[in-house]
Amino acid sequence: QVQVVESGGGLVQPGGSLKLTCVVSGTVSNFVAMDWWREIPGHQRESVAVIGGGGRPHYETSVEGRFTISREKESNILYLQMDTLKVEDTAVYYCRVVDDQRGYWGQGTQVTVSS
């Protein structure tokens with residue numbers, strides 16, 4: 001079974017930085033992409049950043065220029081470098097790995113941006 005585990009969340013001040021890590025165990029037979037989502041209280045889960053097999057990243061407009069998604073060559077670790085954090089970035093962040101049939105979700109990690 002594929003297991004997805006996020007880590008690196010925490011409390012940071014506005015303007016600060018945080019780096020999230022997502023470790024995937026098990027075998028993803030037909031890898032398509034990995035991405036980060038976030039869930040803000042009172043809002044539906046939204047896509048934050050995605051990176052496909054070709055390594056090209058795409059970002060949600062509100063985080064573009066501030067967040068950087070990257071993947072290790074082995075494609076089993078995903079990172080989200082978050083810079084210039086804003087209060088509105090506060091959310092539970094989820095990692096997902098996608099194969100040609102389905103996505104596998106992590107349990108989420110809480111990111112709180114507060115002064």
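Reply: At 0% relative accessibility, Cys 95 counts as buried, where buried means under 20% relative accessible area, exposed over 50% and partly exposed in between (1.4 Å probe, protein chains only). This is a predicted model, in which local features need pLDDT of at least 70 and side-chain atom pairs count only at pLDDT 80 or more, while totals for chains, interfaces and linings use all residues. Residues are numbered from 1 along each chain as its sequence is written, and side-chain values use heavy atoms, with hydrogens and water left out.

Cys 95 forms a disulfide with Cys 22, the sulfur atoms being 2.0 Å apart; a disulfide is a pair of cysteine sulfur atoms within 2.5 Å. The angle about the S-S bond is -80°, and the link is left-handed. Cys 22 belongs to strand β3 and Cys 95 to strand β9 (residues 91-99), so the pair ties together parts that are 73 residues apart in sequence. Strands (E, at least two residues) and helices (H or I, at least four) are DSSP runs, numbered from the N terminus. Cys 22 is likewise buried, with a relative accessible area of 0%.

Cys 95 also has a contact with Gly 106, contact meaning heavy atoms within 4.5 Å. Gly 106 lies in the loop between β10 (103-105) and β11 (109-113) and is buried, with a relative accessible area of 12%. Leaving aside neighbours within four places in sequence, Gly 106 also touches Val 4, Glu 6 and Tyr 94. The C-alpha atoms of Gly 106 and Val 5 are separated by 5.1 Å, although these residues are 101 residues apart along the chain.
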